[in-house]
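Me: I have a structure open and want to talk through it. Can you take my questions as they come?

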Amino acid sequence: MYTCGPTVYDYAHIGNFRAFLFEDLLKRWLIQRGFKVTHVMNLTDVDDKTIKGSQKQQMPLKQFTDFYTKAFFEDIKALNIQSADIYPRATEHIPEMVALIKTLMAKGYAYRGEDGSIYYAISKFPDYGKLSKIKTAELKTGARVSQDEYAKEEAQDFALWKAWVPEDGDVYWETELGKGRPGWHIECSAMSMKYLGETFDIHCGGVDNIFPHHENEIAQSEAATGKKFVDYWLHNEFLLVEGKRMAKRFGNFFTLRDLLAKGYDSNAIRYLLSSTHYRQQFNFTFEGLESAKGAVERLRNFVRRLHDVDGGKDSKGKVATLVAKLEACFGGSMDNDLDIGTALASLFDFVREINNLLDANEVSKQEAADAGGLMMRIDEVLGVIGKVEVEEALPADINALVQKREEAREAKNWKEADAIRTQLKQMGIVLEDTAQGVRWHKEKA
Ligand code: AMP
Ligand code: ZN
């Protein structure tokens with residue numbers, strides 16, 4: 001699978017991460033279902049935006065894009081996004097792009113304009129518009145566009161190779177095509193086919209990539225090879241803020257760093273951004289983030305509780321039935337175009353039902369291990385629970401407080417018991433009163 005990666009001209013915002021998290025979920029699910037996945041994600045380190053950004057910072061392009069590339073890798077690690085197998089950088093694949101453009105020229109799909117740039121003649125490719133469903137009859141043939149991004153209504157011949165202009169400064173390559181730089185679209189055609197072959201299985205990106213980026217990728221690749229480029233296109237919908245697409249240019253965005261600095265947990269952010277179906281828009285809100293935090297905590301507490309089971313009666317097959325039911329529902333939902341909403345609903349039903357059995361002390365150690373095993377497999381896909389710390393010996397001062405609270409509770413001195421609970425919370429220790437007695441865990445920072 002090939003997923004259009006970040007344009008490394010700034011910190012990615014959480015709308016961008018919605019795209020990368022959808023792709024991560026898709027990939028993790030394919031792997032769980034036994035597919036061998038080769039994942040390529042490019043880094044757009046030369047295009048209109050990176051050149052402008054580096055000039056504004058008065059920094060060489062490479063130094064500028066390296067900075068944001070590093071930040072991107074830090075962010076995907078924080079969000080527990082699994083690494084791609086290959087992260088090709090556009091600037092390191094200029095020869096492949098030049099070769100592809102030469103093929104297109106030789107086959108009559110590309111021509112040089114008076115400005116010295118090389119354009120793709122969309123009228124030469126009868127299938128132009130098949131992905132974004134634009135009507136080719138309405139196209140202005142012969143009109144040209146040289147910027148990387150433009151609207152559907154402005155569909156026209158687009159730049160494959162941009163001849164150097166003074167505004168490009170020192171960003172250019174001397175090639176057989178002349179002095180210049182590649183257009184954005186040819187970058188992805190060249191890099192995807194280099195690593196995945198002329199026809200590959202899956203190509204992803206946000207819906208804004210459908211036109212012109214992916215439409216142009218198809219035109220370039222299929223004209224050059226004469227073969228089908230991609231079998232499955234999957235596009236995620238936008239993350240919104242108050243009904244409007246989250247985007248740099250609207251100024252309505254949050255970076256991951258913004259949210260981490262406010263004290264939000266990266267697992268909650270991951271959960272929030274991946275728990276709505278990828279083809280549905282949704283609004284980012286802080287209430288949503290709080291409830292995502294609650295959902296992750298519920299899952300984590302549940303797994304911890306399963307770890308703690310020691311003894312307990314047998315459920316007489318009830319746990320096994322619930323495990324089988326969750327496996328079938330979760331898997332069936334995810335197989336159905338990644339229906340994460342239904343998959344999560346079945347997961348929380350399972351948590352509630354097993355919790356009821358745990359309250360009744362009706363779960364044996366083996367059954368708890370079976371339920372915990374399924375939770376681990378599911379978390380290989382969700383990636384939000386992680387390693388749950390099991391109880392360790394309490395430091396003496398904390399232990400003394402827990403004991404004191406137990407005594408207060410026995411004496412029905414609820415006020416004092418609550419005060420101690422609050423004091424412990426301030427120390428990062430969370431208490432839970434369970435059927436098996438008081439349990440504690442460290443609150444995640
Ligand atoms: P860019 O760095 O601009 O090339 O974008 C990286 C990815 O984020 C692309 O797949 C975009 O389609 C996607 N994207 C951009 N804005 C949003 C948004 N508000 N919601 C979801 N995905 C987005
Ligand atoms: Zn791309």
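Me: How many residues are in the hairpin that joins strand 7 to strand 8?
Reply: Two residues: the hairpin runs through them from strand 7 to strand 8. Bear in mind that this is a predicted model.

Me: Parallel or antiparallel, strand 7 and strand 8?
Reply: Antiparallel, with three bridges between strand 7 (residues 173-175) and strand 8. Within that pairing, tryptophan 173 stands opposite glycine 180 of strand 8.

Me: Which other strand is joined to strand 8 by three bridges?
Reply: Strand 6, residues 157-163, is joined to strand 8 (residues 178-182) by three bridges, and these two run antiparallel. Tryptophan 161 has proline 182 in strand 8 as its bridge partner.

Me: How do strand 11 and strand 12 run?
Reply: They run antiparallel, with two bridges joining strand 11 (residues 239-241) to strand 12. Valine 241 has lysine 244 of strand 12 as its bridge partner.

Me: Switching to the ligand. Which residues come nearest to ligand 1?
Reply: Thr7, Gly15, Asp208, Leu239 and Met246 come nearest, out of 19 residues around ligand 1.

Me: What is the make-up of that shell?
Reply: The shell around ligand 1 has nine polar residues, six nonpolar and four charged.

Me: Which element gives the most to the shell?
Reply: Helix 1, with four residues. Helix 1 (14-32) and strand 9 (200-206) each provide at least two residues of the shell around ligand 1.

Me: What does the backbone of leucine 239 do there?
Reply: A polar backbone atom of leucine 239 lies 2.8 Å from a nitrogen atom of ligand 1.

Me: And which side chains have a polar atom by a ligand nitrogen?
Reply: Asparagine 236 is one of them: a polar atom of its side chain is 3.3 Å from a nitrogen atom of ligand 1. Arginine 245 is another, with a side-chain N or O atom 3.4 Å from a nitrogen atom of ligand 1.

Me: How much of ligand 1 does the protein bury?
Reply: The protein buries 93% of the 490 Å² that ligand 1 exposes when taken alone.

Me: Which pocket is that?
Reply: The largest pocket is the space taken by ligand 1.

Me: What about phi at asparagine 361?
Reply: Phi is positive there, about 55 degrees, although asparagine 361 is not a glycine.

Me: Where does asparagine 361 sit?
Reply: Asparagine 361 is in the loop between helix 11 (340-359) and helix 12 (365-382).

Definitions and conventions. Residues numbered from 1 in each chain as written. Chains lettered and ligands numbered in written order. Predicted model: local features only at pLDDT ≥ 70, side-chain atom pairs only at ≥ 80, totals over all residues. Heavy atoms only, no water. Near = heavy atom within 4 Å. Polar contact = N/O pair within 3.5 Å; in protein donor to acceptor, adjacent residues only side chain to side chain. Areas by Shrake-Rupley, 256 points an atom, 1.4 Å probe, with all protein chains shown as cover. 1 Å grid on protein atoms, 1.4 Å probe; cavity = no way out; pocket = protein on both sides within 12 Å on 5 of 7 lines; lining within 4 Å. Sits in = over half its atoms within 2 Å of the grid points. Nonpolar A, V, L, I, M, F, W, Y, C, P; charged D, E, K, R; others polar. Pairing = 2+ DSSP bridges.
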